[in-house]
Amino acid sequence: MKNINITRKITQGMYVLTTKGGGCIVDAVSQISSGNSPLISVSVMKNNNTNKLLRENDKFALSVLSKEVNPEIIKTFGFNSSRDINKFEKIETTQIEEIEIIKNSLGYMVCEIVDSVENDTHTLFIGRIIEADVFEEKEAMSYQYYQEHKEELLKVTTEKGKTAWICSICGYIYYGEELPEDFKCPLCGVGRELFEKLKEK
Ligand code: FE
């Protein structure tokens, strides 16, 4: 028996990971040590441009998203590549330690990278908190909350009579009646079996 659906019960959050030159949405963030300068780990997809940028930088920041976050932030950082757009153009940020922090967040942690571990699809980056602050005391958005509300959050609408498919992993949307046989998500690389059909509105 190997029902990996149980991994969906692991509590994960919604964060904007930034470093010099770019950033992306991440969900797998953990505090992995305690004390005054705890270690934070974050898992970043290998085919993500932010992964490449992290190798060229010594720091990253995590901005913690709330349930009431402006969905534009998720769209900008989640469904685009910093290869193609400047993600900071339309999103309000403030610079700390030369890294852009999302203003519309609950707060941030800036970490100095101390280690990284290559795993099959992702790299685990480990950083020590060097600066951090809380902007607002509100409820953070969990990954599960995002999954349950992403259609309304992202206001995904399909034209009448047309079908759209959403990647259950990253939220990429494909418009078309059927997904091509060998379709792979252009953003996160997963196969068509992880796409869900969206109902027409
Ligand atoms: Fe995807």
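How many bridges join strand β10 to β12? There are 4, and the two strands run antiparallel. This is a predicted model, in which local features need pLDDT of at least 70, side-chain atom pairs count only at pLDDT 80 or more, and totals for chains, interfaces and linings use all residues. Residues are numbered from 1 along each chain as its sequence is written, and side-chain values use heavy atoms, with hydrogens and water left out.

**Sheet**
- An open sheet of 3 strands is ordered β11-β10-β12 with antiparallel pairing (strands are DSSP E runs of at least two residues; two strands pair if DSSP finds at least two bridges between them).
- Its edge strands, each pairing on one side only, are β11 (173-175) and β12 (195-198).
- Within β12, E196 is the bridge partner of I166.

**Nonpolar cores**
- The largest nonpolar core has 17 residues (buried Ala, Val, Leu, Ile, Met, Phe, Trp, Tyr and Cys joined through side-chain atoms within 4.5 Å; buried means under 20% relative accessible area with a 1.4 Å probe, protein chains only).
- L17, V26, V42, V44, F60 and L62 touch the most other members of this core.
- Elements giving two or more residues to this core include β1 (15-19), β2 (22-26) and β4 (39-45).
- A second, separate core of 16 residues includes M14, V16, I74 and I91.

**Largest pocket**
- The largest pocket holds about 1700 Å³ of space (a volume is the space filled by probe spheres set on grid points joined across faces, edges and corners).
- A pocket is an open set of points on a 1 Å grid over the protein atoms alone, where a 1.4 Å probe fits, with protein on both sides within 12 Å along at least five of seven lines; lining residues have an atom within 4 Å of a point.
- Of its 50 lining residues, Q12, D27, Y143, S168 and I169 lie nearest the centre.
- Helix α3 (143-153) gives the largest share of the lining, 6 residues (helices are DSSP H or I runs of at least four residues).

Definitions and conventions: Buried means under 20% relative accessible area, exposed over 50%, partly exposed in between (1.4 Å probe, protein chains only).
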